[in-house]
Amino acid sequence: MIEYKIRDAKKEDCAVIRELIQELADYEKMPDGPKVSVEDLEKDGFGEFPLFHAIVCEVNDAIVGYSMYFFIYSWAGKAIYIEDIIVRELYRGKGLGTALFQKVAKIAVSKSCQRLELSVLNWNTASRKFYESLGGVDLTESEGWNKYRFSGNALLDLAKESA
Ligand SMILES: CC(C)(COP(=O)(O)OP(=O)(O)OC[C@H]1O[C@@H](n2cnc3c(N)ncnc32)[C@H](O)[C@@H]1OP(=O)(O)O)[C@@H](O)C(=O)NCCC(=O)NCCS
């Protein structure tokens with residue numbers, strides 16, 4: 001059993017968080033890689049109106065994993081969206097990912113959230129199994145959702161049409 005500590009992320013953690021975001025993007029084979037800088041993370045997560053929250057997992061005072069989440073809202077009420085969860089490769093399979101996930105669940109329940117939501121790439125079967133072992137339901141299978149994004153010219157063109 002490995003000894004670890006989970007705590008809220010601080011502004012000073014953003015450089016390590018940026019490294020972990022890079023590791024996650026590499027793992028997910030994202031062709032263009034992450035766009036956010038350490039400065040963006042500091043400004044967007046630790047300013048007057050934080051756009052995201054994060055928790056980190058430390059082993060011997062070194063950050064070895066993290067999760068980024070934010071609050072979302074729907075007709076079902078409050079929920080948390082888990083944007084990122086990653087444990088450094090050397091530390092995987094030791095219960096740290098489960099501990100990070102449980103901590104986000106605890107935060108969700110303490111804030112009266114009804115749900116945790118996240119997206120996972122279809123081929124990432126190890127993580128899909130991980131979520132399913134924790135009780136997650138695959139909505140693509142059960143409800144048939146498709147995920148849409150508007151970016152680049154599609155977004156700019158739409159914005160141009162607005163009064
Ligand atoms: C998914 C992840 C966060 C889980 O963290 P973890 O610390 O490895 O998880 P735990 O040790 O708590 O193990 C939980 C289960 O996940 C499984 N698992 C999932 N992905 C794994 C991986 N890449 N390596 C080792 N175990 C993995 C373990 O086998 C374990 O199952 P078991 O209890 O039946 O043995 C971590 O494996 C990871 O960072 N993966 C790469 C990044 C990623 O895919 N993130 C999610 C993007 S949506």
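Me: What makes the radius of gyration agree with that of a compact globule?

Reply: This is a predicted model. For 163 residues, a compact globule would have a radius of gyration near 15 Å, and the protein has 17 Å, which agrees. The C-alpha atoms fill a box of roughly 55 × 40 × 35 Å along the principal axes.

Me: Why are 31% of the residues called buried?

Reply: Buried means under 20% relative accessible area. Of the 163 residues, 31% count as buried by that rule.

Me: What is the pattern of helices and strands along the sequence?

Reply: The protein has six helices and five strands, and the pattern reads β-α-α-β-β-β-α-β-α-α-α.

Me: Why do β1 and β5 stand at the edges of the sheet?

Reply: The five strands form an open sheet in the order β1-β2-β3-β4-β5, with mixed pairing. β1 (5-8) and β5 (115-117) each have a single partner strand, so one side of each is left without a neighbour in the sheet. From one strand to the next, the twist averages 30 degrees.

Me: How do you know that β3 and β4 pair?

Reply: Two strands pair if DSSP finds at least two bridges between them. Strand β3 (residues 62-74) and strand β4 (residues 77-87) have 10 bridges, in the antiparallel sense, so they count as paired. Gly65 stands opposite Val87 in β4.

Me: Which helix lies across the strands β1, β2, β3, β4 and β5?

Reply: Helix α3 (residues 96-110) lies across these strands, running at about 160 degrees to β4.

Key. Residues are numbered from 1 along each chain as its sequence is written. This is a predicted model: local features need pLDDT of at least 70, side-chain atom pairs count only at pLDDT 80 or more; totals for chains, interfaces and linings use all residues. Side-chain values use heavy atoms; hydrogens and water are left out. Helices (H or I, at least four residues) and strands (E, at least two) are DSSP runs, numbered from the N terminus. Axes are lines fitted to C-alpha atoms, for helices over the stretch in contact, and angles run from 0 to 180 degrees between N-to-C directions. Contact means heavy atoms within 4.5 Å. The radius of gyration is taken over C-alpha atoms; the globule rule is 2.2 Å times the number of residues to the power 0.38. Buried means under 20% relative accessible area, exposed over 50%, partly exposed in between (1.4 Å probe, protein chains only).
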